[in-house]
Amino acid sequence: MSGESKPNGPAKIVALPGDGVGPEITEQALAVLDLCCAAAGRKIEVVEMLIGGAATDAGEPPLPDKTRDACVAADAVLLGAVGGPKYDLLEPELRPERGLLALRKALGVYTNIRPVKTFAPLAEYSPLKTELARGTDLVVVRELLGGIYFGIPKGIDDKDGVRRAYNTMVYSEPEIQRVARVAFEIARGRKKRVMSVDKANVLDVSRFWREVVTDIHQKEFSDVALDHQYVDSAAMDLIRQPSKFDVIVTGNLFGDILTDEAAVLAGSIGLLPSASLGDGPGLYEPIHGSAPDIAGQGIANPLGTIASVAMMLRSSLAMPAQADRLERAIESVLTQGIRTKDLGGNASTKEMGAEICRALEPQA
Ligand code: IPM
Ligand code: MG
(Lines give C-alpha, C1' and ligand atoms only; values in the text may rest on other atoms or scores of the structure.)
(Ligands and ions follow the chains in the order given, each with its own letter.)
Protein backbone atom coordinates (compact mmCIF):
# COMPACT_ATOMS: atom_id res chain seq x y z
CA MET A 1 0.00 0.00 0.00
CA SER A 2 0.87 3.61 -0.53
CA GLY A 3 4.11 4.87 -1.99
CA GLU A 4 6.68 5.42 0.69
CA SER A 5 9.25 7.98 -0.25
CA LYS A 6 12.89 7.30 0.42
CA PRO A 7 13.37 8.32 4.05
CA ASN A 8 16.28 10.66 3.15
CA GLY A 9 14.83 12.54 0.17
CA PRO A 10 12.64 15.60 0.61
CA ALA A 11 9.00 14.70 1.09
CA LYS A 12 7.08 16.02 -1.92
CA ILE A 13 3.63 17.15 -0.87
CA VAL A 14 0.86 18.61 -2.98
CA ALA A 15 -1.60 20.68 -0.94
CA LEU A 16 -5.06 21.21 -2.37
CA PRO A 17 -6.85 23.73 -0.14
CA GLY A 18 -9.99 23.64 -2.30
CA ASP A 19 -13.21 25.35 -1.24
CA GLY A 20 -15.07 26.69 1.79
CA VAL A 21 -13.10 26.17 5.00
CA GLY A 22 -10.50 24.16 3.03
CA PRO A 23 -7.88 26.94 2.76
CA GLU A 24 -8.10 27.91 6.46
CA ILE A 25 -7.68 24.40 7.79
CA THR A 26 -5.03 23.42 5.25
CA GLU A 27 -2.88 26.37 6.28
CA GLN A 28 -2.80 25.13 9.88
CA ALA A 29 -2.21 21.52 8.87
CA LEU A 30 0.76 22.53 6.69
CA ALA A 31 2.33 24.46 9.56
CA VAL A 32 2.04 21.34 11.71
CA LEU A 33 3.46 19.12 8.95
CA ASP A 34 6.42 21.47 8.64
CA LEU A 35 7.19 21.18 12.33
CA CYS A 36 6.96 17.38 12.32
CA CYS A 37 9.27 17.09 9.33
CA ALA A 38 11.73 19.57 10.86
CA ALA A 39 11.77 17.55 14.10
CA ALA A 40 12.62 14.43 12.10
CA GLY A 41 15.29 16.28 10.09
CA ARG A 42 13.30 15.60 6.94
CA LYS A 43 13.14 18.18 4.18
CA ILE A 44 9.77 18.88 2.70
CA GLU A 45 8.62 20.51 -0.53
CA VAL A 46 5.02 21.70 -0.61
CA VAL A 47 3.24 23.00 -3.68
CA GLU A 48 -0.29 24.35 -3.49
CA MET A 49 -2.57 23.67 -6.43
CA LEU A 50 -6.17 24.16 -7.49
CA ILE A 51 -9.02 21.68 -7.25
CA GLY A 52 -12.83 21.81 -7.10
CA GLY A 53 -14.68 25.11 -7.17
CA ALA A 54 -11.43 27.02 -6.66
CA ALA A 55 -10.27 25.56 -9.99
CA THR A 56 -13.50 26.30 -11.88
CA ASP A 57 -13.46 29.86 -10.48
CA ALA A 58 -10.07 30.21 -12.18
CA GLY A 59 -11.52 28.98 -15.48
CA GLU A 60 -10.08 25.45 -15.14
CA PRO A 61 -11.84 22.08 -14.92
CA PRO A 62 -12.45 20.80 -11.34
CA LEU A 63 -9.29 18.66 -11.62
CA PRO A 64 -6.85 20.64 -13.79
CA ASP A 65 -4.29 18.49 -15.65
CA LYS A 66 -1.40 20.13 -13.87
CA THR A 67 -2.93 19.40 -10.49
CA ARG A 68 -3.45 15.76 -11.45
CA ASP A 69 0.11 15.40 -12.78
CA ALA A 70 1.65 16.98 -9.68
CA CYS A 71 -0.41 14.74 -7.38
CA VAL A 72 0.54 11.58 -9.23
CA ALA A 73 4.24 12.55 -8.92
CA ALA A 74 4.05 13.48 -5.21
CA ASP A 75 4.72 11.40 -2.11
CA ALA A 76 1.39 12.44 -0.62
CA VAL A 77 -1.50 14.80 -1.22
CA LEU A 78 -3.27 16.88 1.44
CA LEU A 79 -6.79 18.00 0.57
CA GLY A 80 -8.85 20.58 2.44
CA ALA A 81 -12.40 20.27 1.08
CA VAL A 82 -14.34 20.70 -2.14
CA GLY A 83 -17.84 21.93 -2.92
CA GLY A 84 -20.30 24.63 -1.96
CA PRO A 85 -23.78 25.92 -2.81
CA LYS A 86 -22.28 28.34 -5.34
CA TYR A 87 -21.46 25.37 -7.57
CA ASP A 88 -24.74 23.46 -7.21
CA LEU A 89 -26.10 24.58 -10.56
CA LEU A 90 -23.01 23.70 -12.58
CA GLU A 91 -23.07 20.92 -15.19
CA PRO A 92 -22.33 17.57 -13.49
CA GLU A 93 -18.84 17.40 -15.09
CA LEU A 94 -17.92 20.80 -13.67
CA ARG A 95 -19.05 20.16 -10.12
CA PRO A 96 -16.25 20.36 -7.53
CA GLU A 97 -16.98 16.79 -6.36
CA ARG A 98 -16.06 15.56 -9.83
CA GLY A 99 -12.57 16.91 -9.25
CA LEU A 100 -12.18 14.82 -6.11
CA LEU A 101 -13.57 11.66 -7.72
CA ALA A 102 -11.23 12.11 -10.71
CA LEU A 103 -8.29 12.65 -8.38
CA ARG A 104 -9.08 9.44 -6.46
CA LYS A 105 -9.18 7.59 -9.76
CA ALA A 106 -5.93 9.16 -11.03
CA LEU A 107 -4.14 8.23 -7.79
CA GLY A 108 -5.62 4.72 -7.79
CA VAL A 109 -6.59 5.09 -4.12
CA TYR A 110 -8.98 2.19 -3.81
CA THR A 111 -9.19 2.12 -0.02
CA ASN A 112 -10.48 4.88 2.19
CA ILE A 113 -9.60 4.45 5.85
CA ARG A 114 -11.67 6.40 8.35
CA PRO A 115 -10.86 5.79 12.01
CA VAL A 116 -13.45 6.87 14.57
CA LYS A 117 -12.51 7.00 18.22
CA THR A 118 -14.26 8.77 21.05
CA PHE A 119 -11.88 10.74 23.10
CA ALA A 120 -12.93 10.68 26.78
CA PRO A 121 -12.97 14.46 27.46
CA LEU A 122 -15.22 14.95 24.43
CA ALA A 123 -17.70 12.13 25.05
CA GLU A 124 -20.28 14.68 26.25
CA TYR A 125 -20.33 16.27 22.76
CA SER A 126 -21.41 13.04 21.14
CA PRO A 127 -25.11 13.06 20.22
CA LEU A 128 -25.25 9.67 21.96
CA LYS A 129 -25.59 9.16 25.69
CA THR A 130 -22.07 9.33 27.13
CA GLU A 131 -22.15 5.69 28.26
CA LEU A 132 -22.94 4.58 24.70
CA ALA A 133 -20.41 6.84 23.00
CA ARG A 134 -17.61 5.95 25.39
CA GLY A 135 -15.37 3.19 24.13
CA THR A 136 -16.08 3.74 20.44
CA ASP A 137 -12.91 2.77 18.60
CA LEU A 138 -13.54 1.59 15.07
CA VAL A 139 -12.14 1.93 11.58
CA VAL A 140 -14.29 2.06 8.48
CA VAL A 141 -12.52 0.67 5.42
CA ARG A 142 -14.48 1.98 2.46
CA GLU A 143 -13.97 0.83 -1.12
CA LEU A 144 -13.31 4.06 -3.00
CA LEU A 145 -12.95 3.47 -6.73
CA GLY A 146 -15.85 1.23 -7.64
CA GLY A 147 -19.49 0.49 -6.93
CA ILE A 148 -22.29 2.83 -7.85
CA TYR A 149 -20.00 5.89 -7.82
CA PHE A 150 -18.26 4.78 -11.00
CA GLY A 151 -20.51 2.03 -12.44
CA ILE A 152 -21.56 2.05 -16.07
CA PRO A 153 -24.13 2.35 -17.59
CA LYS A 154 -25.34 5.51 -15.95
CA GLY A 155 -27.29 8.47 -17.18
CA ILE A 156 -30.61 10.17 -17.69
CA ASP A 157 -32.58 9.40 -20.85
CA ASP A 158 -35.94 8.89 -22.38
CA LYS A 159 -37.42 5.43 -22.80
CA ASP A 160 -40.69 5.15 -24.73
CA GLY A 161 -41.48 8.76 -23.90
CA VAL A 162 -40.76 8.35 -20.17
CA ARG A 163 -37.76 10.08 -18.67
CA ARG A 164 -35.65 7.93 -16.36
CA ALA A 165 -32.28 7.92 -14.65
CA TYR A 166 -29.97 5.12 -13.58
CA ASN A 167 -26.63 4.23 -12.05
CA THR A 168 -25.03 0.82 -11.81
CA MET A 169 -23.66 -0.79 -8.67
CA VAL A 170 -21.00 -3.14 -9.94
CA TYR A 171 -17.99 -4.81 -8.31
CA SER A 172 -15.45 -7.15 -9.85
CA GLU A 173 -13.87 -9.89 -7.78
CA PRO A 174 -10.39 -8.25 -7.68
CA GLU A 175 -11.92 -4.95 -6.57
CA ILE A 176 -13.51 -6.66 -3.58
CA GLN A 177 -10.48 -8.81 -2.81
CA ARG A 178 -8.01 -5.93 -2.60
CA VAL A 179 -10.07 -3.82 -0.23
CA ALA A 180 -10.99 -6.86 1.88
CA ARG A 181 -7.28 -7.68 2.28
CA VAL A 182 -6.60 -4.17 3.56
CA ALA A 183 -9.44 -4.49 6.09
CA PHE A 184 -8.18 -7.86 7.36
CA GLU A 185 -4.61 -6.55 7.63
CA ILE A 186 -5.80 -3.54 9.64
CA ALA A 187 -7.86 -5.85 11.89
CA ARG A 188 -4.74 -7.93 12.55
CA GLY A 189 -3.15 -4.87 14.16
CA ARG A 190 -6.30 -4.23 16.26
CA LYS A 191 -8.93 -6.47 17.86
CA LYS A 192 -8.95 -8.88 14.92
CA ARG A 193 -12.61 -8.43 14.11
CA VAL A 194 -14.03 -7.50 10.71
CA MET A 195 -17.66 -6.67 9.99
CA SER A 196 -18.43 -6.75 6.29
CA VAL A 197 -21.44 -4.56 5.54
CA ASP A 198 -23.65 -5.18 2.54
CA LYS A 199 -27.28 -5.52 1.44
CA ALA A 200 -27.11 -9.18 0.47
CA ASN A 201 -30.79 -9.76 1.26
CA VAL A 202 -31.69 -7.64 -1.77
CA LEU A 203 -28.74 -6.91 -4.06
CA ASP A 204 -26.89 -9.39 -6.27
CA VAL A 205 -23.77 -7.25 -6.07
CA SER A 206 -23.89 -7.58 -2.27
CA ARG A 207 -24.33 -11.37 -2.39
CA PHE A 208 -21.21 -11.48 -4.54
CA TRP A 209 -19.39 -9.08 -2.18
CA ARG A 210 -20.19 -11.38 0.75
CA GLU A 211 -19.04 -14.48 -1.14
CA VAL A 212 -15.71 -12.90 -2.14
CA VAL A 213 -14.98 -11.48 1.34
CA THR A 214 -15.77 -14.88 2.89
CA ASP A 215 -13.47 -16.62 0.44
CA ILE A 216 -10.51 -14.29 1.14
CA HIS A 217 -11.14 -14.70 4.84
CA GLN A 218 -11.08 -18.50 4.69
CA LYS A 219 -8.01 -18.68 2.48
CA GLU A 220 -5.84 -15.91 3.92
CA PHE A 221 -7.14 -14.49 7.19
CA SER A 222 -8.71 -17.25 9.26
CA ASP A 223 -6.99 -15.79 12.37
CA VAL A 224 -9.36 -12.78 12.13
CA ALA A 225 -13.06 -13.04 13.07
CA LEU A 226 -15.41 -12.17 10.21
CA ASP A 227 -19.08 -11.27 10.50
CA HIS A 228 -21.54 -9.87 7.99
CA GLN A 229 -24.27 -7.33 8.57
CA TYR A 230 -26.86 -5.68 6.37
CA VAL A 231 -26.24 -1.98 5.95
CA ASP A 232 -29.57 -0.88 7.43
CA SER A 233 -28.95 -2.91 10.55
CA ALA A 234 -25.31 -1.76 10.76
CA ALA A 235 -26.50 1.86 10.55
CA MET A 236 -28.73 1.18 13.54
CA ASP A 237 -26.00 -0.57 15.56
CA LEU A 238 -23.57 2.27 14.95
CA ILE A 239 -25.71 4.43 17.20
CA ARG A 240 -27.09 1.66 19.42
CA GLN A 241 -23.84 -0.08 20.32
CA PRO A 242 -20.89 1.48 18.46
CA SER A 243 -18.36 -0.27 20.68
CA LYS A 244 -19.30 -3.63 19.11
CA PHE A 245 -17.40 -2.66 15.93
CA ASP A 246 -13.68 -3.00 15.32
CA VAL A 247 -13.08 -2.88 11.55
CA ILE A 248 -15.96 -2.33 9.12
CA VAL A 249 -15.37 -3.08 5.44
CA THR A 250 -17.93 -1.96 2.91
CA GLY A 251 -18.55 -0.64 -0.59
CA ASN A 252 -18.31 2.93 -1.80
CA LEU A 253 -21.87 4.19 -1.26
CA PHE A 254 -22.55 2.39 2.03
CA GLY A 255 -19.14 3.57 3.26
CA ASP A 256 -19.92 7.16 2.35
CA ILE A 257 -23.14 7.09 4.34
CA LEU A 258 -21.91 5.12 7.34
CA THR A 259 -18.80 7.27 7.80
CA ASP A 260 -20.80 10.48 8.17
CA GLU A 261 -22.94 8.69 10.72
CA ALA A 262 -19.92 7.25 12.54
CA ALA A 263 -18.07 10.57 12.45
CA VAL A 264 -20.42 12.34 14.82
CA LEU A 265 -19.97 9.63 17.46
CA ALA A 266 -16.63 11.22 18.31
CA GLY A 267 -18.28 14.54 19.19
CA SER A 268 -17.69 16.51 16.02
CA ILE A 269 -17.17 15.61 12.39
CA GLY A 270 -14.51 18.33 12.50
CA LEU A 271 -12.17 16.02 14.41
CA LEU A 272 -11.89 13.11 12.09
CA PRO A 273 -9.20 12.30 9.56
CA SER A 274 -9.05 9.98 6.60
CA ALA A 275 -6.48 8.36 4.38
CA SER A 276 -7.15 7.13 0.87
CA LEU A 277 -4.54 4.62 -0.15
CA GLY A 278 -3.62 2.60 -3.20
CA ASP A 279 -0.29 1.60 -4.66
CA GLY A 280 0.96 5.17 -5.28
CA PRO A 281 0.75 8.44 -3.34
CA GLY A 282 -1.80 8.59 -0.54
CA LEU A 283 -4.54 11.21 -0.39
CA TYR A 284 -5.27 12.65 3.05
CA GLU A 285 -8.27 14.72 3.94
CA PRO A 286 -10.63 15.44 6.82
CA ILE A 287 -13.97 13.62 6.71
CA HIS A 288 -15.94 16.86 6.90
CA GLY A 289 -16.92 18.89 3.87
CA SER A 290 -16.33 22.50 2.88
CA ALA A 291 -18.74 23.89 5.56
CA PRO A 292 -19.78 26.93 3.48
CA ASP A 293 -21.85 28.26 6.39
CA ILE A 294 -18.73 29.03 8.43
CA ALA A 295 -16.15 29.49 5.65
CA GLY A 296 -13.94 32.56 5.91
CA GLN A 297 -14.81 33.19 9.56
CA GLY A 298 -11.68 31.59 10.96
CA ILE A 299 -13.64 29.33 13.31
CA ALA A 300 -13.45 25.94 11.57
CA ASN A 301 -11.89 23.07 13.49
CA PRO A 302 -8.56 22.21 11.82
CA LEU A 303 -8.06 19.01 13.85
CA GLY A 304 -9.54 16.63 11.24
CA THR A 305 -6.98 17.89 8.72
CA ILE A 306 -4.19 17.93 11.30
CA ALA A 307 -5.04 14.33 12.28
CA SER A 308 -4.96 13.49 8.55
CA VAL A 309 -1.37 14.79 8.54
CA ALA A 310 -0.63 12.24 11.28
CA MET A 311 -2.00 9.50 9.02
CA MET A 312 0.17 10.87 6.19
CA LEU A 313 3.30 10.82 8.35
CA ARG A 314 2.61 7.18 9.20
CA SER A 315 1.38 5.75 5.90
CA SER A 316 3.13 7.77 3.17
CA LEU A 317 6.16 9.45 4.72
CA ALA A 318 7.59 6.62 6.88
CA MET A 319 7.63 8.84 9.98
CA PRO A 320 5.60 6.79 12.50
CA ALA A 321 7.27 8.39 15.53
CA GLN A 322 6.20 11.86 14.34
CA ALA A 323 2.69 10.52 13.69
CA ASP A 324 2.47 9.26 17.28
CA ARG A 325 3.84 12.54 18.57
CA LEU A 326 1.30 14.56 16.62
CA GLU A 327 -1.58 12.39 17.84
CA ARG A 328 -0.38 12.90 21.41
CA ALA A 329 -0.26 16.67 20.79
CA ILE A 330 -3.89 16.64 19.59
CA GLU A 331 -4.97 14.72 22.71
CA SER A 332 -3.04 17.02 24.98
CA VAL A 333 -4.56 20.19 23.49
CA LEU A 334 -8.07 18.77 23.79
CA THR A 335 -7.39 17.60 27.33
CA GLN A 336 -6.34 21.14 28.24
CA GLY A 337 -9.86 22.18 27.23
CA ILE A 338 -8.83 24.18 24.16
CA ARG A 339 -11.75 23.83 21.76
CA THR A 340 -13.10 25.34 18.58
CA LYS A 341 -16.73 26.39 18.30
CA ASP A 342 -18.02 22.99 17.10
CA LEU A 343 -16.92 21.63 20.48
CA GLY A 344 -18.36 24.44 22.56
CA GLY A 345 -15.14 26.49 22.76
CA ASN A 346 -14.01 29.77 21.29
CA ALA A 347 -10.53 29.01 19.96
CA SER A 348 -10.13 30.16 16.36
CA THR A 349 -8.79 27.95 13.56
CA LYS A 350 -5.42 29.74 13.83
CA GLU A 351 -5.30 29.49 17.62
CA MET A 352 -6.02 25.76 17.45
CA GLY A 353 -3.23 25.29 14.89
CA ALA A 354 -0.85 27.33 17.05
CA GLU A 355 -1.75 25.28 20.14
CA ILE A 356 -0.92 22.06 18.33
CA CYS A 357 2.41 23.54 17.21
CA ARG A 358 3.11 24.59 20.79
CA ALA A 359 2.22 21.12 22.11
CA LEU A 360 4.68 19.66 19.60
CA GLU A 361 7.54 21.88 20.71
CA PRO A 362 9.17 19.83 23.45
CA GLN A 363 10.81 17.13 21.33
CA ALA A 364 9.96 13.66 22.69
C1 IPM B 1 -16.70 11.94 1.10
C2 IPM B 1 -17.51 12.93 0.31
C3 IPM B 1 -17.29 12.65 -1.18
C4 IPM B 1 -17.83 11.26 -1.47
C5 IPM B 1 -17.91 13.69 -2.13
C6 IPM B 1 -17.42 15.09 -1.81
C7 IPM B 1 -17.62 13.35 -3.56
O8 IPM B 1 -18.84 12.87 0.67
O9 IPM B 1 -15.47 11.89 0.91
O10 IPM B 1 -17.28 11.20 1.89
O11 IPM B 1 -19.02 11.08 -1.67
O12 IPM B 1 -17.01 10.33 -1.50
MG1 MG C 1 -19.21 11.59 2.35
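**Cysteines.** I looked for disulfides first, taking a disulfide as a pair of cysteine sulfur atoms within 2.5 Å, and by this rule the count comes to zero. Cys-36 is in no disulfide, and the nearest cysteine sulfur, that of Cys-37, is 6.8 Å away. I noted that Cys-36 counts as buried because its relative accessibility is 0%; buried means under 20% relative accessible area, exposed over 50%, and partly exposed in between, with a 1.4 Å probe and protein chains only. For Cys-71 the closest cysteine sulfur is in Cys-37 at 17 Å, too far for a bond, and Cys-71 is buried as well, with a relative accessible area of 0%.

**Basis of the entries.** I keep in mind that this is a predicted model, in which local features need pLDDT of at least 70 and side-chain atom pairs count only at pLDDT 80 or more, while totals for chains, interfaces and linings use all residues. Residues are numbered from 1 along each chain as its sequence is written, chains are lettered from A and ligands numbered from 1 in the order in which they are written, and side-chain values use heavy atoms, with hydrogens and water left out.

**Ligand 1.** I then checked the arginines: an N or O atom in the side chain of Arg-104 is 2.7 Å from an oxygen atom of ligand 1, the corresponding distance for Arg-114 is 2.8 Å, and a polar side-chain atom of Arg-142 lies 2.8 Å from a ligand oxygen. The protein covers 78% of the 320 Å² of accessible area that ligand 1 has on its own, by the Shrake-Rupley method with a 1.4 Å probe.

**Salt bridges.** I recorded 23 salt bridges in the structure, each a side-chain nitrogen of Lys or Arg within 4 Å of a carboxyl oxygen of Asp or Glu. In the one between Asp-137 and Arg-190, the closest N and O atoms are 3.3 Å apart; this pair links distant parts of the chain, 53 residues apart, with Asp-137 in strand S5 (residues 137-143) and Arg-190 in the loop between helix H6 (173-188) and strand S8 (193-198). Helices (H or I, at least four residues) and strands (E, at least two) are DSSP runs, numbered from the N terminus. Asp-137 counts as partly exposed at 21% relative accessibility, and Arg-190 counts as partly exposed at 28%.

I next looked at Arg-210 and Asp-198, whose closest N and O atoms are 2.8 Å apart in their salt bridge. Arg-210 belongs to helix H7 (residues 204-220) and Asp-198 to strand S8, twelve residues apart. Which of the two is buried? Asp-198 is, with a relative accessible area of 1%, whereas Arg-210 is partly exposed at 22%.

Within helix H7, Lys-219 and Asp-215 lie four residues apart, about one turn of the helix, and they form a salt bridge with closest N and O atoms 3.0 Å apart. Lys-219 counts as exposed because its relative accessibility is 64%.

Note on methods. Polar contact = N/O pair within 3.5 Å; in protein donor to acceptor, adjacent residues only side chain to side chain.
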